[in-house]
Structure formats: structure tokens, C-alpha cells
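Biologist: Could you take me through this model? I would like to discuss helix packing and then pockets.

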Amino acid sequence: MSPISILNVSSSRFILTGFPGLEVHYVWISIPFSTIYAMVFLGNCMVLHVIRTEPSLHQPMFYFLAMLALTDLCMGLSTIYTVLGVLWGIIHEISLDSCIAQSYFIHGLSFTESSVLLAMAFDRYIAICNPLCHSSILTNDKIMKIGVAILCRSSLLIPPVIIRLKFLNYCCPHILSHSFCLHQDLIRMACSDIRFNSIYGLALVISNLLLDAVLILISYIMILHAVLAIASRDERIKSLQTCVSHICAVSVFYIPIIGLTMVHRFGKHLSPLVHVLMGNIYILFPPLMNPIIYSIKTQQIRRRVQRLFYLKRM
């Protein structure tokens, strides 16, 4: 084996990719990205603060919203160092251990968000289809158990496939497709047997993201069936309006995932800029949009936020 090949196999450093061809403009590109991260942190912290301090929001729907905001906040924290570090010129590469840790958090938080969205769909189903039993079914104790189940499901199923990344040999050029680490990006560079990672990774996606999406779709079919049975047109509209925020949150989560999957699977001929753009949309769009969606579409949150800013101006 040549010295270059030996270096490729044994090296544990990976080059982070920003925006290929736009390196001279990184200072300017960093401005909107810094603004987006600031909005992610401020928006989700505001939602958490409002839910914590407003007793009228201590309801199942808003407890699940707090879980969603906390997940989005952690997603921002797990990627900010490498994304802004590349744009600011602070870092250009990442160690294998750090890369594996980051990929664990990114994928784990994605599964967590999917599970929380499923729990919110269940909450909407109970609230609309069985409103009289809503408070007795979704008690604080049961919500806590759902939260623990979500955490266990998202954190305990991923380690086998993530830990195995540590023991693979990487002989392709160590250049990541993004300014952060993803499991599919690392196995693309491996020259070891990756069948376990491919099969187990696919099983995780099917049993988490795909299953959750199917169950959310089923819940909304049942909700729609129940709403159409309501005689009053105004009541039908009112019932559906309580689901608008959740439908928007589901859309901003699943559409970027589908787009990124399509680009990784079928977009090898596309410009690297497309891969980078879709990757950044995947990690930043849901955390950015969810606080905006719920602040605009949810009346209780909107009123509390308006009151919060009004008090600050006085």
C-alpha cells in the first residue's frame, strides 16, 4: 500500500465543506447564518419562557410544544460551532470522534422531533375526537412518560450504528459534503464493510421517521373524518384551525428531510452547492420556523408574546 493510501486510512481528520466556490464571500454569508442562529436561540427560548411562566399554557399541547422548542434549541447548539466556525474561518476540519458525536446528536434530535410531532398529533386527535376525556387521558404523569419514551427511543436505538463508525476505515478523500457531520456522509467515505450501517440505518429511518409520518397521516385522516361529522360549519373551521400550527410544523420538518434524502440518493450529478444548501435547510429551517409558526398561529402564545414585549417597552 502506498504512503498516501496509508495516510488516508489512518487519518482521523475530516475537512468540513462550506459553500464551494464562494470562500471569498464567507464573511458576508456568515451574516445571515449568524442572524438565523440568533433567531433560533431567541425564538425557542422565548417559547420555553412563555410556556413556563404562563399558568394558562400548562396544558398537554403546550407541554409538547415545549419539548419541540427544546429539541430545536439543542439542534442549533449541536451545529453552530462547525457551521459558523467554517464561515468565520475558525475551523476547517473536525476529528473523527467529534464528527461521530455530532452525527449522533443531529440524527438523535431528528428522531426526537419526529416523535414529538407524533405525540402532538395524538394530542390533537384526542382533543378533537374525544374532547371530554382529553384531560383524563393526557394527564401530567402520562405526558412525562411520553417524554421519557421519546427520549429513550431517540437516544438508545442510534448508538449501535453510530459507534460502529469509529471502527471503519476511511480511505476516500476525507471531505464532508456539509459543514457538519451526518452518518450517510461518513459511510460514503468508508472502505470497510458498511452493510450493517446501511441496513440498520435504513431500519432506523423506517421505524422512526417513516412510521411516525404514516401515523401522523392516519391521525389526521381520523381527525378529518370526525370534523366532517360536525354539523356546524363554524365549529368545523374552529376545530381545524387548532391543527394548522401542527400541520405547518410537520411540513417544515419532513419536507427538508425528503429533499436532503433525494439529493444524497439521486443528486450525485448536482452542484455541491445544492448539497450544502439542502443540508443547511435540513438543520436550520425547522428550528427557525417552529417558533414563528406557533407565535403567529397559536392565539395563546401570540397574546403572551405581545404582552411580554409590551411590558419590556414600558
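Modeller: A term to begin with: a crossing is called left-handed if the near helix is turned anticlockwise from the far one by less than a right angle, and right-handed if clockwise. Please also keep in mind that this is a predicted model.

Biologist: Understood. What is the handedness of the crossing of helix 3 and helix 4?

Modeller: Helix 3 and helix 4 cross in a left-handed manner. Their axes lie 9 Å apart, and the packing angle is about 165 degrees. Angles over 145 degrees count as roughly antiparallel, and helix 3 and helix 4 are therefore roughly antiparallel to each other.

Biologist: Which classes of residue make up the contact of helix 3 with helix 4?

Modeller: The contact of helix 3 with helix 4 has 15 nonpolar, seven polar and four charged residues.

Biologist: And how do helix 3 and helix 6 cross, at what angle?

Modeller: The axes of helix 3, residues 60-88, and helix 6, residues 140-156, cross at roughly 25 degrees and come within 11 Å. That angle makes helix 3 roughly parallel to helix 6. The crossing of this pair is right-handed.

Biologist: Which residues make that contact?

Modeller: Helix 3 contributes Pro-60, Tyr-63, Phe-64 and Met-67, while helix 6 contributes Asn-140, Ile-143, Ile-146 and Gly-147. By class, six of these residues are nonpolar, two are polar and none is charged.

Biologist: Back to helix 4. How does it pack with helix 10?

Modeller: Helix 4 and helix 10 have axes 11 Å apart and an angle of about 165 degrees, which makes helix 4 roughly antiparallel to helix 10. The crossing of helix 4 and helix 10 is left-handed. Among the residues in contact are Glu-113, Leu-117 and Arg-124 of helix 4, and His-246, Phe-253 and Tyr-254 of helix 10. Overall, the contact of helix 4 with helix 10 has nine nonpolar, five polar and two charged residues.

Biologist: Turning to pockets, how much space lies in the largest one?

Modeller: The largest pocket holds about 1300 Å³ of space. It is lined by 39 residues, of which Gln-184, Val-205, Thr-261, His-264 and Arg-265 are the closest to its centre.

Biologist: Which helix supplies the largest share of the lining?

Modeller: Helix 9 does, with ten residues. Helices that each supply at least two residues include helix 4 (96-129), helix 10 (233-266) and helix 11 (272-297).

Biologist: And what is the lining like by class?

Modeller: The lining of the largest pocket has 23 nonpolar, twelve polar and four charged residues.

Note on methods
Residues are numbered from 1 along each chain as its sequence is written. This is a predicted model: local features need pLDDT of at least 70, side-chain atom pairs count only at pLDDT 80 or more; totals for chains, interfaces and linings use all residues. Side-chain values use heavy atoms; hydrogens and water are left out. On a 1 Å grid over the protein atoms alone, a cavity is a set of points where a 1.4 Å probe fits but cannot get out, and a pocket is an open set with protein on both sides within 12 Å along at least five of seven lines; lining residues have an atom within 4 Å of a point. Grid points are joined across faces, edges and corners, and a volume is the space filled by probe spheres set on the points. Helices (H or I, at least four residues) and strands (E, at least two) are DSSP runs, numbered from the N terminus. Ala, Val, Leu, Ile, Met, Phe, Trp, Tyr, Cys and Pro count as nonpolar, Asp, Glu, Lys and Arg as charged, and the others, Gly among them, as polar. Axes are lines fitted to C-alpha atoms, for helices over the stretch in contact, and angles run from 0 to 180 degrees between N-to-C directions. Angles under 35 degrees count as roughly parallel, over 145 as roughly antiparallel, 65 to 115 as roughly perpendicular and the rest as oblique. Contact means heavy atoms within 4.5 Å.
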